[in-house]
Amino acid sequence: MAVSFELRKSEKGQFHFSLKNADGSTLLGSEQYESKASAENGIASVKKNSVLPERFDKQVASDGRAYFTLKAANHQIVGTSPMFGTADKRDAALGLVHAEAEHAVVHDHT
């Protein structure tokens, strides 16, 4: 199952990326960046850190929905998953990011 990054520019001129599953669903999203280069550095950080299981942090929101974050070596969050209805769905998405993000292609829509 192939995953890919989607790099986009918002109407306000900021850049962001998301890691998408083959079916188009989002696995991980970024913050807004002021420059395209910063967003590209964020993608590189996801690729680098996604291979390290200890960089993932499993979370549960106050309403019980599960999600995860991916952190860089400096403990800064480089990506956050959407909310999932169950921990099993979160864990499956996390496993996919861990297994495939490192080699995911980038589709630049800027």
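These legends accompany close-up views of a predicted model.

**View 1. The largest nonpolar core.** This core has 24 residues. Leu19, Val46, Phe68 and Val97 have the most contacts inside it. Two or more residues each come from β1 (4-9), β2 (15-20), β3 (26-29), α1 (36-49), β5 (66-71) and α2 (87-100). Helix α2 gives the most, with 4 residues.

**View 2. Surroundings of Val97.** Leaving aside residues up to four places away in sequence, Val97 touches Leu19, Leu27, Leu28, Ser50, Phe56 and Phe68. Leu19 and Phe68 are, like Val97, among the residues with the most contacts inside the core.

**View 3. Pro53 in its loop.** Pro53 sits in the loop between α1 and β4 (56-60). Its relative accessible area is 54%, over the 50% cut-off, so Pro53 counts as exposed. The C-alpha atoms of Pro53 and Leu70 lie 9.3 Å apart, with the two residues 17 apart along the chain.

**View 4. The β4-β5 hairpin.** Strands β4 and β5 run antiparallel and are joined by 5 bridges. Phe56 has Leu70 of β5 as its bridge partner. The hairpin has 5 residues between its strands. In the turn, Gly64 has a positive phi of about 95°.

**View 5. Strand β5 and its pairing with β6.** Of the 6 residues of β5, 5 are buried, so this strand is largely enclosed by the rest of the structure. β5 pairs with β6 (residues 77-80) in the antiparallel sense over 3 bridges. Lys71 stands opposite Ile77 of β6. These two strands also form a hairpin, with 5 residues between them. His75 in that turn has a positive phi of about 75°.

How values were computed. Residues numbered from 1 in each chain as written. Predicted model: local features only at pLDDT ≥ 70, side-chain atom pairs only at ≥ 80, totals over all residues. Heavy atoms only, no water. Core = buried A, V, L, I, M, F, W, Y, C linked by side-chain atoms within 4.5 Å. Buried < 20%, exposed > 50% of the residue type's maximum accessible area, 1.4 Å probe, protein only. Contact = heavy atoms within 4.5 Å. Pairing = 2+ DSSP bridges.
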